[in-house]
Amino acid sequence: MIFNCEYSYSFECFIDKISLIVNNQIILESDIQNIMNIIKMQTKLLSNLIVSRDVLRKQSIKYLINNQLIFPLGKKYKFNITNEEVLGVISNIINKFNITFKKFKFYLFYYGIDYSVYFKYLKREILISKILDYEISKNVYITYEELNLFTKNIFYRYIKNNVYFLRCFFIPLSENYNCKEFILKQTLSNKIFFKLKKGIKFRDIKKLYVDHLKLVKIILFEYRTIGSLPVIFEKFLIHGKTGDISYPIKSAAGFYIVNIKDLFNKVKKIIFKEFCIRHIFIPNFFIKNDYDISLKLSLIKKRIESGNISFDNAVNIFSMDNKFLNDRNGYFGWFDSNHLNNKFKVVLSNLNIMQISKPLKSSMGWHLIQLLGTRMVNRLHVLEQIKFYDYLYKNKYLETKELFLEKLNKFSYIKIFN
């Protein structure tokens, strides 16, 4: 029959065997092959990249181990994933790649994936995602102080070159004011603020309170940057735009009501420095003596620099970062310098491209870092659209997720057969 067919297809045939043991569960070679085929298809559809077989296998093993460790945690949640949810995900995939269902099934066939196997994979994937989300979310907290500091730092970089023209009503307090005077001046400040918010013009309020009653002063700050303005205005100016009026701002001398009459934004771009690195890593739970680990990494660095061993081989031999599962060869990719502590930032800033750092200690363990590249990125468009809480939450979520999975792996029995 094969000779009579116009086309023929052949898929890998292998004898199934036990490839992994995770706690008391076994994972077969066929399970790994199925995940490899799925990852291969998804990678091709998403980025049109061809990934090596070794990398695919390592990714698949890592994925199966993590899923096997997470799955038992779902017993306490009793999630029920319906077929409709899975079909919804498949529909989203088809729409994303702008292909028909028939074409999608052809892709599955082409990569040796049975549709029923893929359906079960997605169903389990949805379940694992829900379990992981519940486990991680309950340990992720963004405090008001974190959010406020982050927002202030980001916005300050955005507005530090802004030029402001401010008009202020100033209600002074006497040098030795008492409680009665304080309440009267505060009430007056609120009255002026609400008049302005209702649309009463600045000059009309000036005639009443400044010219007639002499209770209020006018102070102008003409064409000043935020750094040259009183610090107590900063919180208002960070979020302010032309025409905005501040709620009465209390100072030691009295109350200010600030109106942004004009604002000139000179900022065309906000530049962030990004680093691209890879590392050799030894986590804390493998470390018995900091001195010995530092010395060991220093010797590894000398061997690499003398040409006795390549950085790639050193990662495979010495790095404990997901040992046996290192699918990126120690590669970290690009990340913002703001995500580094000062010690790492200083070291990376002084490295040349392809140069290797001295051994560095972090809260996670010891690192030997190679700088692969640096670049300056304009983030202005990002800052204009970003939701700061979501940004912080996402970063902390990913960080907590990595620690959670690392902990699961550390306290589990994992046996990988060659």
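Modeller: The model is predicted, with local features needing pLDDT of at least 70 and side-chain atom pairs counting only at pLDDT 80 or more, while totals for chains, interfaces and linings use all residues. Residues are numbered from 1 along each chain as its sequence is written, and side-chain values use heavy atoms, with hydrogens and water left out.

Biologist: What makes this a pocket, and what volume does the second largest pocket have?

Modeller: The term applies because, on a 1 Å grid over the protein atoms alone, a pocket is an open set of points with protein on both sides within 12 Å along at least five of seven lines, whereas in a cavity a 1.4 Å probe fits but cannot get out. Its volume is about 390 Å³, that is, the space filled by probe spheres set on grid points joined across faces, edges and corners. The lining has 14 residues, and the closest to the pocket centre are Asp 31, Ile 35, Leu 64, Tyr 121 and Arg 124; a lining residue has an atom within 4 Å of a point.

Biologist: Which elements give two or more residues to the lining of the second largest pocket?

Modeller: They are helix H1 (29-47), helix H2 (53-70) and helix H5 (115-137). Helices (H or I, at least four residues) and strands (E, at least two) are DSSP runs, numbered from the N terminus. On that basis the chain comes to 14 helices and 11 strands.

Biologist: How is the lining of the second largest pocket divided by class?

Modeller: It has 7 nonpolar, 4 polar and 3 charged residues. Ala, Val, Leu, Ile, Met, Phe, Trp, Tyr, Cys and Pro count as nonpolar, Asp, Glu, Lys and Arg as charged, and the others, Gly among them, as polar.

Biologist: Why is Glu 181 called buried?

Modeller: Buried means under 20% relative accessible area, exposed over 50%, and partly exposed in between (1.4 Å probe, protein chains only). Glu 181 has a relative accessible area of 16%, so it is buried. This residue is found in helix H7 (residues 179-197). Leaving aside residues up to four places away in sequence, Glu 181 touches Pro 172, Leu 173 and Ser 174, where contact means heavy atoms within 4.5 Å. Across the chain of 418 residues, buried ones make up 39%.

Biologist: What makes Asn 23 and Met 354 stand out in phi?

Modeller: Most residues other than glycine have a negative phi. Asn 23, in the loop between E1 and E2, has a positive phi near 55 degrees. Met 354 is not a glycine either, yet its phi is positive, about 75 degrees; it lies in the loop between helix H12 (342-349) and strand E9 (360-361).

Biologist: Why do Asn 23 and Met 354 count as partly exposed?

Modeller: The relative accessibility of Asn 23 is 38%, so it counts as partly exposed. Met 354 receives the term because its value is 47%.

Biologist: Why are E2 and E11 placed at the edges?

Modeller: The open sheet has the order E2-E1-E11. E2 and E11 each have a single partner strand, so one side of each lacks a neighbour in the sheet. Neighbouring strands are turned by 20 degrees against each other on average, direction ignored. H2 lies across E1, E2 and E11, at about 40 degrees to E1. Such angles run from 0 to 180 degrees between N-to-C directions, with axes fitted to C-alpha atoms, for helices over the stretch in contact.

Biologist: In what order do the strands of the 4-stranded open sheet stand?

Modeller: The order is E4-E3-E6-E5, with antiparallel pairing. Its edge strands are E4 (217-224) and E5 (249-250), each pairing on one side only. E5 pairs with strand E6 (residues 254-264) over 2 bridges, and Lys 250 stands opposite Phe 255 in E6. Helix H8 (residues 202-212) lies across strand E3 (163-172) and E4, running at about 30 degrees to E3.

Conventions. Two strands pair if DSSP finds at least two bridges between them.
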